[in-house]
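Subject: Structure handover

Hi,

Have a look at it first, then read on.

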Amino acid sequence: MSRIDPKPLSAYPWFIRWFLSRQRRVHGAVLAPSWLWGRLPGAFIGMLVLLAAFQRRSYPIDTALRSLVSIRIAQLNGCRFCVDLNGHNFLKARGEESKANAVAQWRDSELFSARERAALGWAEAVTLTCADIESDAVDRLRDEFSEDEITALTAWIGFQNMSAKFNAALGAEEHGFCALPGKDDQQDA
């Protein structure tokens, strides 16, 4: 249960009500973060515009890699909703349930490519120890990513951290998008 109850639907602006009703049609319910973000209409719209920019086909980091990184960020931040949603997105993009289940143990698993390992390592560093990142860390990323891709990956990681921290802090419950075993294994490293 979210720590902040939804306002009555009529208390949200018309364009937020439209979005919430569309979400109900698509997903069978309004997703918990939408009720919460809907309390800040301008920020919510801004977040949706930014999300749309990240999801463009031309974005330098593909959907599957973004989803994989997002699962790990959600685990680290304790956002069950985000693990649920991003696990679903990864399975939809890639269909590799074994890899989705192994994200928390990516260092010890042979399932991950060098590119995925680099992205997951960078996501952990930015999420957990951003102020302590060594100056040569970006140099190591250059083995797998262009500078534009590094910038895009870092922007995505920042966005996902904001989203996961918001949702976890306010207790946004998972929707049930994904029935992955081990969704409770949040912090395994």
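Let me begin with one residue. Setting aside neighbours within four places in sequence, Phe145 is in contact with Ile61, Leu65, Arg115, Ala118, Ala119, Ile150 and Leu153 (contact means heavy atoms within 4.5 Å).

A word on the source: this is a predicted model, in which local features need pLDDT of at least 70 and side-chain atom pairs count only at pLDDT 80 or more, while totals for chains, interfaces and linings use all residues. Residues are numbered from 1 along each chain as its sequence is written, and side-chain values use heavy atoms, with hydrogens and water left out.

Phe145 also belongs to the largest nonpolar core, which has 42 residues; Val69, Phe145, Leu153 and Ile157 touch the most other members. (Such a core is a set of buried Ala, Val, Leu, Ile, Met, Phe, Trp, Tyr and Cys residues joined through side-chain atoms within 4.5 Å; buried means under 20% relative accessible area with a 1.4 Å probe, protein chains only.) Among the elements that give two or more residues to this core are α1 (14-27), α4 (63-77) and α9 (147-169), and α9 gives the most, with eight residues. Helices here are DSSP runs of H or I, at least four residues, numbered from the N terminus. There is also a second, separate core of 10 residues, including Leu68, Ala100, Val103 and Leu120.

Now the aromatics. The structure holds eight aromatic pairs (ring centres within 6.5 Å, taking the six-membered ring of Trp; planes over 60 degrees apart count as edge-to-face). Phe54 and Tyr59 make an edge-to-face pair, because their ring centres are 5.3 Å apart and their planes are at 85°. Phe54 is buried, at 6% relative accessible area, and Tyr59 is buried too, at 15%.

Lastly, of the 33 residues that line the largest pocket, Leu31, Leu51, Gln55, Leu85 and Asn89 are the closest to its centre. (On a 1 Å grid over the protein atoms alone, a pocket is an open set of points where a 1.4 Å probe fits, with protein on both sides within 12 Å along at least five of seven lines; lining residues have an atom within 4 Å of a point.) The largest share of that lining, eight residues, comes from α5.

Best wishes

Conventions:
Buried means under 20% relative accessible area, exposed over 50%, partly exposed in between (1.4 Å probe, protein chains only). Rings of Phe, Tyr and Trp (its six-membered ring) pair if their centres lie within 6.5 Å; planes under 30 degrees apart count as stacked, over 60 as edge-to-face and the rest as tilted.
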